[in-house]
Amino acid sequence: PGRLDDWHATLIRLLLESYPDDGHAKFGGGTKRAHYRNVLDDEDYFRDVMRMVGEVGKHKGVYVLVSLWQDPTFSALGWPTEKTHFVWKKIASALRDMPFVMFGLVNEPQANENGQRDPEVWKAMNDTVAAIRSVERPEHPHIITVQGTREWGRSLDYYVEHPITAGDGKNIAYETHVYNRPARFDELVTRPSHKLPVLIGELGPQNDDHVHMFPEDCTKLLDLAEKIDVPWIAWTFHNGCP
């Protein structure tokens with residue numbers, strides 16, 4: 001809570017991280033995850049999530065984007081599945097009377113670089129929005145963010161011509177994760193924002209074989225976002241993350 005005040009944050013993204021097992025085999029037998037089940041299978045974890053959301057709610061004017069970041073119900077490509085609907089129904093039911101809460105369906109749909117599977121990703125997202133709407137109060141639908149259909153959540157192109165239709169498309173925002181040089185800002189942020197409510201859900205300096213974004217690029221993106229009134233969330237407050 002103190003960090004929210006120190007940073008003057010008005011929007012944070014709370015990532016829910018769960019796995020199908022304790023990782024004993026993956027980590028070579030010596031290390032296991034102490035907690036790994038999702039909110040359907042671990043009531044203690046579910047209560048912890050509710051407590052964290054409640055803490056954010058104590059800060060006037062601060063919103064929290066509750067996002068499924070890693071969940072065993074996702075497809076191999078990071079898409080939501082029918083099993084993911086049950087996760088979201090439990091979360092959305094518990095938080096339906098908290099107007100400061102937003103829901104982020106998944107983290108980053110993977111692969112599909114050529115966009116050929118865009119309709120499949122769209123249907124998975126649309127069906128998941130419908131599942132959330134089925135447990136909400138119709139007069140108070142929460143903002144739901146759907147992530148880009150390709151390039152690890154970057155591209156919003158498909159949604160420009162095919163916006164989400166579930167719940168009449170009401171209170172839907174379109175989330176992009178931008179780790180790119182300024183040459184792609186128009187494509188990834190500005191142009192989609194002409195027709196859609198856009199949210200930059202991640203940004204940050206990164207420089208490896210595949211991704212290049214430097215601190216000065218981040219500054220330019222934040223300046224652009226403020227200019228065109230696009231909200232943004234930086235990566236990350238986690239003290240154990242690069």
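This dialogue walks through the fold of one predicted model.

Reader: What kind of model is this, and how are residues numbered?

Author: Residues count from 1 along each chain as its sequence is written. The model is predicted: local features need pLDDT of at least 70, side-chain atom pairs count only at pLDDT 80 or more, totals for chains, interfaces and linings use all residues, and side-chain values use heavy atoms, without hydrogens and water.

Reader: How many helices and strands does the chain have?

Author: Helices (H or I, at least four residues) and strands (E, at least two) are DSSP runs, numbered from the N terminus. Here there are seven helices and eight strands.

Reader: In what order do the strands of the open sheet stand?

Author: Two strands pair if DSSP finds at least two bridges between them. The order of the six strands is S1-S2-S3-S4-S5-S6, with parallel pairing. S1 (11-17) and S6 (198-203) each have a single partner strand, so one side of each lacks a neighbour in the sheet.

Reader: How many bridges join S5 to S6?

Author: Five, and S5 covers residues 172-178. Glutamate 175 has leucine 199 in S6 as its bridge partner.

Reader: Which strands does helix H2 touch?

Author: Contact means heavy atoms within 4.5 Å. Axes are lines fitted to C-alpha atoms, for helices over the stretch in contact, and angles run from 0 to 180 degrees between N-to-C directions. H2 (residues 43-57) touches S1, S2 (63-70) and S3 (101-104), and its direction makes about 175° with that of S1. Helix H7 (residues 215-227) lies across S5 and S6, at about 160° to S6.

Reader: What share of the chain is buried?

Author: Buried means under 20% relative accessible area, with a 1.4 Å probe and protein chains only. Buried residues make up 47% of the 242 residues.

Terms used: Buried < 20%, exposed > 50% of the residue type's maximum accessible area, 1.4 Å probe, protein only.
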